[in-house]
Amino acid sequence: MSTPAHSSSREASMDSEEVLRRLSIGDPVLCAAFMSDVHPVLPGTLDRQSLALLRLGASIGTGAIGPVLHQRVGESLAAGLDFDEVVASLVALVPVIGIERAVAAAPGVAQGLGYDVGADLERPD
């Protein structure tokens with residue numbers, strides 16, 4: 001018996017549909033697994049860099065500061081993104097989050113990248 005060519009993509013879609021269904025009802029087991037940060041994202045759907053960028057963007061967008069923001073920047077670097085790509089992701093968020101939130105996040109992102117903005121601002125030109 002032959003399996004339709006689209007069945008594997010349909011199965012992956014079913015997995016995503018189940019996630020949406022369970023998230024929609026606040027399934028406590030699923031939510032706890034997602035909040036633990038050790039769950040596998042739907043296998044094969046996001047690469048490490050994409051996941052790191054999404055988490056960094058969400059952290060910046062929600063106003064995260066300090067250790068959370070530093071952790072997200074560190075995850076981005078560990079996933080293979082470089083200094084310029086992290087900065088570009090902050091800039092790309094400006095039309096969505098507003099300039100005020102981007103300005104507020106910039107020092108934390110810089111610190112997470114190991115760049116001391118304050119020291120550079122204090123240097124005479």
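1. Angles between axes count as roughly parallel under 35 degrees, roughly antiparallel over 145, roughly perpendicular from 65 to 115, and oblique for the rest. The axes themselves are lines fitted to C-alpha atoms, for helices over the stretch in contact, and the angles run from 0 to 180 degrees between N-to-C directions. Both conventions are applied to the helix pairs discussed below.

2. The model is predicted: local features need pLDDT of at least 70 and side-chain atom pairs count only at pLDDT 80 or more, while totals for chains, interfaces and linings use all residues. Residues are numbered from 1 along each chain as its sequence is written, and side-chain values use heavy atoms, with hydrogens and water left out.

3. Overall composition. The secondary structure of the chain comprises seven helices and zero strands, where helices (H or I, at least four residues) and strands (E, at least two) are DSSP runs numbered from the N terminus. From the N terminus on, the order of elements is α-α-α-α-α-α-α. Of the 125 residues in the chain, 23% are buried; buried means under 20% relative accessible area, exposed means over 50%, and partly exposed lies in between (1.4 Å probe, protein chains only). Among contacts between residues at least 6 apart in sequence, 55% join residues at least 24 apart, a contact being heavy atoms within 4.5 Å.

4. Helices H5 and H6. Two packed helices are described by the angle between their axes and the distance between the axes. For H5 (residues 83–97) and H6 (residues 99–112), the angle is about 160° and the axes are 8 Å apart. The two helices are therefore roughly antiparallel to each other. H5 passes H6 in a right-handed crossing; a crossing is right-handed if the near helix is turned clockwise from the far one by less than a right angle, and left-handed if anticlockwise. On the H5 side the contact is made by Val-86, Leu-90, Val-94 and Ile-97, and on the H6 side by Ile-99, Arg-101, Ala-102, Ala-105, Ala-106 and Val-109. These contact residues divide into nine nonpolar, no polar and one charged. In this division Ala, Val, Leu, Ile, Met, Phe, Trp, Tyr, Cys and Pro count as nonpolar, Asp, Glu, Lys and Arg as charged, and the others, Gly among them, as polar.

5. Helices H3 and H4. The axes of H3 (residues 48–61) and H4 come within 8 Å and cross at roughly 160°. That makes H3 roughly antiparallel to H4, and their crossing is left-handed. Arg-48, Ala-52, Arg-55, Leu-56, Ser-59 and Ile-60 of H3 meet Val-68, Leu-69, Arg-72, Val-73, Glu-75, Ser-76 and Ala-78 of H4. The residues of this contact divide into seven nonpolar, two polar and four charged.

6. Ser-76. This residue lies in helix H4. Is Ser-76 buried or exposed? Ser-76 is buried, with a relative accessible area of 0%. With neighbours within four places in sequence left aside, Ser-76 is in contact with Ala-52, Leu-56, Leu-81 and Val-86.

7. Salt bridges. How many salt bridges does the rule give? The count comes to four, a salt bridge being a side-chain nitrogen of Lys or Arg within 4 Å of a carboxyl oxygen of Asp or Glu. Glu-18, Arg-22 and Asp-27 are linked in a network of such bridges. Within it, the closest N and O atoms of Arg-22 and Asp-27 are 3.4 Å apart. Arg-22 is partly exposed at 25% relative accessibility, whereas Asp-27 is buried at 16%.

8. Arg-72 forms a salt bridge with Glu-75, with the closest N and O atoms 2.9 Å apart. The two residues are separated by about one helical turn, because they are three residues apart in helix H4 (residues 66–78). Arg-72 is buried, with a relative accessible area of 16%, and Glu-75 is partly exposed at 21%.

9. Arg-123 and Asp-120. The side chains of these two residues meet in a salt bridge with an N to O distance of 1.8 Å. Arg-123 is exposed, with a relative accessible area of 51%, while Asp-120 counts as partly exposed at 28%.

10. Val-103. This residue lies in helix H6 and counts as exposed at 55% relative accessibility. Val-103 and Val-91 are twelve residues apart in sequence, and their C-alpha atoms are 9.9 Å apart in space.
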